[in-house]
Amino acid sequence: MNRVVSLIRENNTAPEPPRADGSAYQAVRAITDSLASPLGAEDQVVQSMPDASPTKWHRAHTTWFFEEFVLSRLDGYQAFDDDFRYLFNSYYEAVGPRQPRPRRGMITRPDVAEVGRYRAAVDDAMTSALDNGALDPFALDLVQLGLQHEQQHQELLLMDAKHMLSQNPLDPAYEPRTAAPAGNVPTHTPPAGRLEHDGGLIEVGCADSEDGFHFDNERPVHRQWLEPFALEDRLVTNGEWIEFMDDGGYDRVELWLSDGWHLRSDREWTAPLYWSHAHQQWHQFTLYGNEPVDLAAPVTHVSYHEADAFARWRGARLPTESEWEAVARAHWQPPRRGACPALNPSRVGSPGTDPFQFCGEVWQWTTSAYLPYPGFKPATGAVGEYNGKFMVDQHVLRGSASVTPPGHERVSYRNFFPTRSRWAFSGLRLAHDN
């Protein structure tokens, strides 16, 4: 195992958001290599669906980001391979043409070993530039953006690898478990309580006074009026989801939005993604392989439409992102984990976790469309395409997931996916009107 990763895993203190210096750069890059290491060369080239990307592509694209936006600005820098500018650009129109996203799995060459050499060459150049003070303040800001970008791809790497492995009929594990799973055993999950909020005029977003990195979509701070409401003090569990299924939740048209009902019918949804029923119990495919569903763990891999139907079944609703942030700010407790992500969410009340499950378990759907905050202005140049261009036909998720790199989560973070998406580590928390 890489020495940097070994040291990180021995340290149970969650890291701060990465800085723009050589040691932070090396630490973040080492975690990506550690997360890819359980996957063989054959695993790393497969693209299991158009929304996912091969592991090899994630490793190359995050490297391309530093080469394109930081190293290319330095006098005398020679690109590792000019063709990589086309192969590993994601969506930056200002940079130029690129391989279509649904065809990233067709990039069998360069092979995995060559991508490893690419990463090493760029890492050497980046470490030298950082250690020798060769980067101006603007470039250092781009380095910090690049490290946050790499952390996002660490989560995507695990999401996409899970989907890829789930297509194998042998249900292979990404990593073997060191302890037996909990499974469908009877368990006492305490009834959900309520975190009350009086409503009124609140501020939403990241203030300039808040320390650390923030994406542009988290700003500027603005005011929102809230009516009195309450959020439940924990996430919806797998056990509660099975009750919804047993009550015909997937077959009751009155619970579903129109688009959701059509998706449920066309795609034959009868349970969350990765669930199957065998030997009189529910199982789910996890990064540890196929396991009995843990009744006390948060339900994961449900779309917005499924979450909305469940909320309606329970006589509740999903929160807005402003409601979620208003309550989460009063109860935010990042989980006490090391620097590497956890592969599965934890059971309700597990030691070392956020007792209210606002972060570190599953991303939580909100009813809020992903739109710019009042006064939002994207950055100039290609990096301005990072967030703003996606502010349409998506919904906001808040919190963070078990696979989110520790130190990357924050209360103002705005994740976003189309309402049909299920392969993200997405779940839900219920809201109630008062």
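This is a predicted model: local features need pLDDT of at least 70, side-chain atom pairs count only at pLDDT 80 or more; totals for chains, interfaces and linings use all residues.
The protein contains 11 helices and 12 strands. Its C-alpha atoms fill a box of roughly 65 × 55 × 40 Å along the principal axes. The radius of gyration is 22 Å; a compact globule of 434 residues would have a value near 22 Å, so the two agree. Of the 434 residues, 55% count as buried. The accessible surface comes to about 18600 Å², and carbon and sulfur atoms account for 50% of this area. Contacts were also sorted by sequence separation. Among those with a separation of 6 or more, 80% join residues 24 or more positions apart.

In soluble globular proteins, nonpolar side chains tend to be buried together. The largest nonpolar core of this model has 86 residues. Met126, Trp241 and Leu428 touch the most other members. Helix α7, spanning residues 137-166, gives the most to this core, with 11 residues.

Trp241 belongs to helix α8, which covers residues 238-246. This helix is mostly covered, with seven of its nine residues buried. The buried set consists of Asn238, Gly239, Glu240, Trp241, Ile242, Phe244 and Met245. The cover over these residues includes strands β5 (275-278) and β6 (281-286), as well as helix α10 (304-313). With residues up to four places away in sequence left out, Trp241 touches Val236, Tyr250, Pro272, Val299, Val302, Glu306, Ala307, Phe310 and Leu428. Of these partners, Glu306, Ala307 and Phe310 fall within the range of α10. Leu428 is also named with Trp241 among the core residues that touch the most other members. Just after α8, Gly248 takes a positive phi of about 80 degrees.

Four strands form an open sheet of mixed pairing, in the order β10-β9-β8-β11. Strands β10 (415-417) and β11 (426-427) stand at the edges. Each has a single partner strand, so one side of each is left without a neighbour in the sheet. Strands β8 (residues 363-369) and β9 (residues 395-399) run antiparallel and are joined by four bridges. In one of these pairings, Gln364 has Arg398 of β9 as its bridge partner. Helix α11, residues 321-331, lies across β8 and β9. The helix runs at about 10 degrees to β9.

Terms used
Residues are numbered from 1 along each chain as its sequence is written. Side-chain values use heavy atoms; hydrogens and water are left out. Buried means under 20% relative accessible area, exposed over 50%, partly exposed in between (1.4 Å probe, protein chains only). Helices (H or I, at least four residues) and strands (E, at least two) are DSSP runs, numbered from the N terminus. Contact means heavy atoms within 4.5 Å. Two strands pair if DSSP finds at least two bridges between them. Axes are lines fitted to C-alpha atoms, for helices over the stretch in contact, and angles run from 0 to 180 degrees between N-to-C directions. A nonpolar core is a set of buried Ala, Val, Leu, Ile, Met, Phe, Trp, Tyr and Cys residues joined through side-chain atoms within 4.5 Å. The radius of gyration is taken over C-alpha atoms; the globule rule is 2.2 Å times the number of residues to the power 0.38. Accessible areas come from the Shrake-Rupley method with a 1.4 Å probe; for residues, only the protein chains shown count as cover.
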